[in-house]
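Please read them with the structure open.

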Amino acid sequence: MNGARKIRALLTTLLITAAVSVGLTTPASAAPPNIPSATAARTQLNGLTVAAPGPMTGYSREKFPHWITISGACNTRETVLKRDGTNVQVNASCAATSGSWHSPYDGATWTAAADVDIDHIVPLAAAWRSGAAGWTTDKRQRFANDLTNSQLIAVTDNVNQAKGDKTPDLWKPPLGSYHCTYARMWIGAKHAWGLNVSAPEKGALNDMLNRC
């Protein structure tokens, strides 16, 4: 029996190794840079100014110019698709011709770039209501194309469209297991850009951090 158990254990190890080698393990999710830890996110959240959302007067997406050229023929969207995808191949225009994208919001995996949106973690309209209305166009452009902070991520297109410009008190990713990470990204982006939070928004973010 002892010999049989050893053989079964060896076979299990070989099967796991084979699965890894042919890519049968769970695909990697998109991951923006500089996501704060839960502890750092709590500190950052407590440092944000709490204020009622401002009006939408004067808002338009054109006041946040995107997507801009990042390198060569690649714009911001194409850069994030390459960063967040697996085995992404592009043509001379930097358009993705193959690859796969695992959306952490809903757990779906896509093999066509057309099925993937680049989500602004803090939506442009939400940023406008929480301080960006007073920014210069240049600053709003840098915010809308921010590859340095946890502000851009590749996700399923219709999930991103369901989110719209909602704050976390009104919308959360369908996968509850991702709420901790989503809150940390949201807080990290707002902290990096000095944006306000509303009281309901702060309460929702604290609740989400409790899942960390």
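Predicted model: local features only at pLDDT ≥ 70, side-chain atom pairs only at ≥ 80, totals over all residues.

1. Residues are numbered from 1 along each chain as its sequence is written, and side-chain values use heavy atoms, with hydrogens and water left out.

2. The largest pocket holds about 220 Å³ of space. Its lining has 15 residues, and Arg61, Ile118, Asp119, His120 and Asn160 are the closest to the centre. A pocket here is an open set of points on a 1 Å grid over the protein atoms alone, where a 1.4 Å probe fits, with protein on both sides within 12 Å along at least five of seven lines; lining residues have an atom within 4 Å of a point. Grid points are joined across faces, edges and corners, and the volume is the space filled by probe spheres set on them.

3. Strand S6 (116-120), helix H4 (124-129) and helix H6 (157-163) each give at least two residues to that lining, and S6 has the largest share, with 4 residues. Helices (H or I, at least four residues) and strands (E, at least two) are DSSP runs numbered from the N terminus. By type, the lining has 6 nonpolar, 4 polar and 5 charged residues. Nonpolar means Ala, Val, Leu, Ile, Met, Phe, Trp, Tyr, Cys and Pro; charged means Asp, Glu, Lys and Arg; the others, Gly among them, are polar.

4. Helix H2 (residues 38-47) and helix H8 (residues 199-209) have axes that come within 11 Å and cross at roughly 170°. The two helices are therefore roughly antiparallel (an angle over 145 degrees). Axes are lines fitted to C-alpha atoms over the stretch in contact, with angles from 0 to 180 degrees between N-to-C directions. Ala41, Arg42, Leu45 and Asn46 of H2 meet Lys202, Leu205, Asn206 and Leu209 of H8 (heavy atoms within 4.5 Å).

5. The model has 2 disulfides, counted as cysteine sulfur pairs within 2.5 Å. In one of them, Cys74 and Cys94 have sulfur atoms 1.9 Å apart. Cys74 is in strand S2 (residues 74-75) and Cys94 in the loop between strands S3 (86-90) and S4 (96-102), so the pair ties together parts 20 residues apart in sequence.

6. The His66 to Trp67 peptide bond is cis, with omega near -10°. Asn34 is not a glycine, yet has a positive phi of about 55°.

Conventions
Parallel < 35°, antiparallel > 145°, perpendicular 65-115°, else oblique.
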